[in-house]
Amino acid sequence: MTNLANALYNIRLLDDLAKKNTPIHALHPLVKLLTTVIYLAVVMSFGRYEISKLLPFIFFPLVVALLAELPLMPIVHRLLMVLPLIIGIGILNPIIDNQTITILGVDFSRGWLTFFSLFIKCIVSVSAGIILIATTGMNRLAVAMRMLKIPKIFVLQLLLTYRYITVLMEEFLTMTQAYSLRAPNQNGISKNNWGSFAGQLILRTFDRAERVYQAMLLRGFTMEYHVGMIEKANINDFAYFTGWSLFFVIAKNYNLPLFLESLITGVVK
Amino acid sequence: MSHHKVEARNLHFSYPDGHEALKDVSFTIFHGESVGIIGVNGAGKSTILMLLMGILFPDSGDVLVGDVHLTKKTLPMIRQRLGMVFQNPDDQLFMTNVYDDVAFGPRNYKIDEKEVESRVMNALDLVGISDLKDRAPFRLSGGEKRAASIACVLSMQPDVLIMDEPTLALDPKARRRVIGLLNSFEHTKIITSHDLDLVLETCQRVIVVKNGRIAADGATSEILTDRELLDSCGLELPLSIQNCPVCGKSKINIE
């Protein structure tokens, strides 16, 4: 129960982080969104075996998170949640793709390479997404999406779903508290009651969501979500966007780790 | 000053399950009046408020605000003039911080952001919570949430304030603050409550609703001291004018 209450309390952590005042937070939301989209597209475009070219892309989330002074643990915590999914998808690769290759004198199944490339891709893209929300906030992100002419119905749906999560969790918390107080010897909710519990939960949240919607309508809501003034893009935004885009293009076309290795070995020789 | 007048004319309303909630309800509330709507649970108080705000539409009868009939077309204009504070502030606060919540209404009316800021800060100052503007609404205490939900409505600068149980679930001090706040507003006020002492302190006029009909409409000083009337409507005298619980002495001469 306490975990659930804590989860509810922390669910808006990303929104709280988005209120910080750092150079990254001050950037225009559209610039951050576009940079992240380009980043994701480039990361996803790598082949299954191109691990070494993929490595420089770890820098983007790392550098941005550092500059934005984001705490490490909450982000890692959220990354851990997607870990089972990644492992579930990739774990059979080493068995299916069992051709061996040699790296640094050690024999590997090629499947391990594809597994690691999948692993890196997922981790960096999810963290880029988390960092984007944690430095921009859902509302400003929605404004950026509208600037990209994404239909308002989709943007609104995203925002309301995000809001609806708390409504759902609050109702769930109240119901589980009421349940556990009258069923002290049970661990969780008995499966005999799952049906009525889920049904109640959905009806209650519908009711609640309806009242929230009415409150929005009473204050002039017309399907358009206004979040206030967004300042115009400036030179910093331009530099951030071009700087990172340039880095992505170079890292995509040149094998930077290999280049670095030859540079170092060249110097050593 | 007829433009702030709120009028209900022969309102009839039934819920989809067939329950007839209002039967021939009529009243007129004039500019600057402060009116309490009281009645037992299920008497139809909240239904009246929802009909006034256009959340529900009557089966027959009319709602007029100023001289404008409430229809789907006139809703946006009317909702700008009537501000409703919900019974449960959690239903009303849905943004990530108090500031954005209070700014939600004015922004929807496409008011210039500078003006929005001044309205938000004014509203927060009025209810005394300007220091909470960056807090997440769901992390506030009950009294703070109530103040925030009142600020949300004030920022729209409505002519008429409509409140559903404004002191519900508040501690005595928070309740006292809300009463002080309500008395400081010069708006036309329509308040529904079971807290008859609140009504006694904030309203000059009371409408008593019984089984979907208006049972009485008159000055607070007369209605809230009429033990027989209140009894017949399932209510009782406000605690503050009931006999002294220690010596049993009557506080007012109503026998």
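Mentor: Keep in mind that this is a predicted model. Let's start at Gly137(A), which follows H9(A) and has a positive phi, near 85°.

Trainee: How do you know that helix H9 of chain A has close to the expected reach?

Mentor: Helix H9 covers residues 110–136 of chain A, which is 27 residues. From its first C-alpha to its last it reaches 39 Å, and at 1.5 Å a residue 39 Å is expected. The two values are close, as you can see.

Trainee: What makes the phi of Glu69(A) worth a remark?

Mentor: Phi of Glu69(A) is near 55°, a positive value in a residue other than glycine. Most residues other than glycine have a negative phi. Glu69(A) sits in the loop between helix H6 (59–67) and helix H7 (72–90) of chain A. In chain B, Glu165(B) also has a positive phi, of about 50°, although it is not a glycine. The place of Glu165(B) is in the loop between strand S7 (160–164) and H7 of chain B.

Trainee: Why is Glu69(A) called partly exposed?

Mentor: Count its neighbours: Glu69(A) has 14 C-beta neighbours inside 10 Å. A residue is buried at 20 or more and exposed at 12 or fewer. The count of 14 lies in between, so Glu69(A) is partly exposed.

Trainee: And why does Glu165(B) count as partly exposed?

Mentor: Glu165(B) has 19 C-beta neighbours inside 10 Å. Buried would need 20 or more, so Glu165(B) counts as partly exposed.

Trainee: Which part of chain A holds Val155(A), and what does Val155(A) touch?

Mentor: Val155(A) is in helix H11 of chain A. Leaving out residues up to four places away in sequence, Val155(A) touches Ala142(A), Met145(A), Arg146(A) and Ile150(A). Take Ala142(A): Val155(A) is 13 residues from it in sequence, and 6.1 Å from it in space, C-alpha to C-alpha. With 19 C-beta neighbours inside 10 Å, Val155(A) is partly exposed.

Trainee: What makes chain A more spread out than a compact globule?

Mentor: First the make-up: chain A has 14 helices and two strands. Its radius of gyration is 23 Å, well over the 18 Å that the globule rule gives for 269 residues, so chain A is more spread out than a compact globule. The C-alpha trace of chain A spans about 75 × 50 × 30 Å along its principal axes. Buried residues make up 22% of the 269 residues in chain A.

Trainee: How is chain A divided into domains?

Mentor: Chain A has domain 1 (14–150 + 232–259) and domain 2 (151–222). Taken over C-alpha atoms, the centres of these two domains of chain A are separated by 33 Å. Their contact takes five residues from domain 1 and seven residues from domain 2.

Trainee: How do you know that chain B is as compact as a globular protein of its length?

Mentor: Chain B has ten helices and ten strands. The radius of gyration of chain B is 19 Å, close to the 18 Å from the globule rule for 255 residues, so chain B is as compact as a globular protein of that length. Along its principal axes the C-alpha trace of chain B spans about 60 × 45 × 40 Å. Of the 255 residues in chain B, 45% are buried.

Trainee: Which residues touch the most other members of the largest nonpolar core?

Mentor: Among the 75 residues of that core, they are Leu52(B), Met84(B), Val102(B), Ala151(B), Ile162(B) and Val199(B). Helix H6 (residues 142–154) of chain B gives the most to this core, with seven residues. Apart from it lies another core, of 31 residues, including Leu27(A) and Trp244(A).

Trainee: Last one: how many residues does each chain bring to the contact between chains A and B?

Mentor: Chain A brings 19 residues and chain B brings 24 residues. On the side of chain A that touches chain B, H12(A) gives the most, with six residues. The residues on that side of chain A divide into five nonpolar, seven polar and seven charged.

Terms used. Residues are numbered from 1 along each chain as its sequence is written. Chains are lettered from A and ligands numbered from 1 in the order in which they are written. This is a predicted model: local features need pLDDT of at least 70, side-chain atom pairs count only at pLDDT 80 or more; totals for chains, interfaces and linings use all residues. Two residues are in contact if their C-beta atoms, placed from the backbone, lie within 7 Å. Helices (H or I, at least four residues) and strands (E, at least two) are DSSP runs, numbered from the N terminus. Ala, Val, Leu, Ile, Met, Phe, Trp, Tyr, Cys and Pro count as nonpolar, Asp, Glu, Lys and Arg as charged, and the others, Gly among them, as polar. Domain bounds come from an automatic or database domain assignment. A nonpolar core is a set of buried Ala, Val, Leu, Ile, Met, Phe, Trp, Tyr and Cys residues joined through C-beta atoms within 7 Å. The radius of gyration is taken over C-alpha atoms; the globule rule is 2.2 Å times the number of residues to the power 0.38. The expected span of a helix is 1.5 Å times one less than its number of residues.
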